[in-house]
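The following exercises ask the reader to work from the sequence to the fold, step by step. Please consult the sequence and the model while following each solution.

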Amino acid sequence: MTMTKPLKFSKSLKSDALQKALAEYRPGLALPRAFYKDPDIFQLDMRHHVLAHWHCAGHVSMVKNPGDFFTIEIGGESIIITRGSDNEVRGLLNMCRHRGSRVCNKSEGHAKNGNFVCPYHAWTYDCSGELQRARLMPADFKKSDYGLLQVQTRVAEGMIFITFAENPLGFKHIDETFSKSAKVYGWATAKFAARRTYVIEANWKLVEENYQECYHCGPAHQEYSLRHTFAKPQAERVPGDTAMCARDEALGIPLGDVDAANEVAEPGQEGADCVRSAMTNGYVTGSRDGKPVAPLMGDFKGKDYDGGFSFIDVGPTANFVAYPDYTLIYRTVPLTVDKTIFELIWLVDEHAEEGKDYKVDDLIWMWDYTSIEDKGIIEMNQAGVNSAFYEPGPYTPMEVDAQRYTQYYIDTMSKL
Ligand code: FES
Ligand SMILES: [Fe+2]
């Protein structure tokens, strides 16, 4: 039982820019420029779209022991993810209840004596967010009224999700998608291996749209395309690789290029979906030489590579790429209207030892390389969209998921 308070947004913002941009939007076309440029729309995006959804902050192995913590930034907010002495994983707003200072300025670590001490006047909070000490306060000061504010937190298959919503969206469809499509990869007991951040000078929607389509993979990602059939048009992907499908069936993985977004999401909820696709011949995983980079995970242990991999997507910012020997958490994190980061977190089997069973450089090569390429093309996209002469163009069939995503975004914003 904690006295820590939940978050509460102040009253809703209004924006003429949003109404004007919505009026300009045409289904099937990219978004009008204001959606990628306007600071008021960005504030509305954060409040009503991004922060209202479930956002994957990281993995439980990043806070293995009580007192362990890491911090994340999103839309101007900072959250401390930490494990309390009661073993609960919590998300604490990194904002002192005295005069508002950030309490923690490290990206990860272990809280000394299980406490976070504000660097300004030394108010001291424990890992459940409760205020333990406040110097020289009057006798009637009630520490229990000044715990750190707290975001709602859920853990699914070891993945830590947070939401800033007072009344969170449902979680059932995320649990369902994970139990059907992610369980096989052994995420619940996986181990943190590496974390890298890429700063993109672009609006977060250009980053998310780019993630949602592989029309750009052929021209922009030659290394990725050599290894993944997903770079090909839909008709040439799964179930074209019958050998992979047979292996999937044996492992109990749902077959085919599954897009379950509308099947599992309830009305008004974010989508959760899994897309299966085959590796190209000669490549068993996302690695430089096509060979394994880490020990097999989950249900693959004692078996073999299945010749495939999965994209699992939840809501607007939480994406996962799973191979039999490693999983990547791919976080899209809006910072400001024209700055976004991708944060990539690599997970391996719990017993894998760095240096012996995997090398970080080999493990991260595929998606580090691809993310640096993505940074370049997304920044070019933003630079072009900034032109006074920009007009939204048509999506192609290979961009169906990006189109579905922008339509979903527009539907959400139209209801404000
Ligand atoms: S702002 Fe944190 S102790 Fe004063
Ligand atoms: Fe890309």
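**Exercise 1.** Does S78 count as buried, partly exposed or exposed, and why?

*Solution.* The model is predicted: local features need pLDDT of at least 70, side-chain atom pairs count only at pLDDT 80 or more, and totals for chains, interfaces and linings use all residues. Residues are numbered from 1 along each chain as its sequence is written, while chains are lettered from A and ligands numbered from 1 in the order in which they are written.

Step 1. A residue is buried if 20 or more other C-beta atoms, placed from the backbone, lie within 10 Å of its own, exposed if 12 or fewer, and partly exposed in between.

Step 2. S78 has 16 C-beta neighbours inside 10 Å and therefore counts as partly exposed.

Step 3. S78 belongs to strand 3 (residues 77-83); helices (H or I, at least four residues) and strands (E, at least two) are DSSP runs, numbered from the N terminus.

Step 4. Leaving out residues up to four places away in sequence, S78 touches T71, E73, N94 and R102, where contact requires C-beta atoms, placed from the backbone, within 7 Å.

**Exercise 2.** Identify the residues that touch the most other members of the largest nonpolar core.

*Solution.* Step 1. A nonpolar core is a set of buried Ala, Val, Leu, Ile, Met, Phe, Trp, Tyr and Cys residues joined through C-beta atoms within 7 Å.

Step 2. The largest such core holds 103 residues, of which I79, I81, I160, Y326, L328, W346 and V348 touch the most other members. Its largest share, seven residues, is supplied by strand 16 (residues 339-348).

Step 3. For Y326, the contacts beyond four places in sequence are V293, A294, W346, L347, V348 and L363.

**Exercise 3.** Determine how helix 1 and helix 3 are oriented to each other.

*Solution.* Step 1. The axes, which are lines fitted to C-alpha atoms over the stretch in contact, with angles from 0 to 180 degrees between N-to-C directions, come within 8 Å and cross at roughly 90 degrees.

Step 2. Angles under 35 degrees count as roughly parallel, over 145 as roughly antiparallel, 65 to 115 as roughly perpendicular and the rest as oblique. Helix 1 and helix 3 are therefore roughly perpendicular to each other.

Step 3. A17, L18 and A21 of helix 1 meet D40, I41 and L44 of helix 3.

Step 4. Helix 1 (16-24) and helix 3 (39-50), together with helix 5 (204-212), also pack against the buried residues of helix 11, namely D401, A402, Q403, Y405, T406 and M413.

Methods: Two residues are in contact if their C-beta atoms, placed from the backbone, lie within 7 Å.
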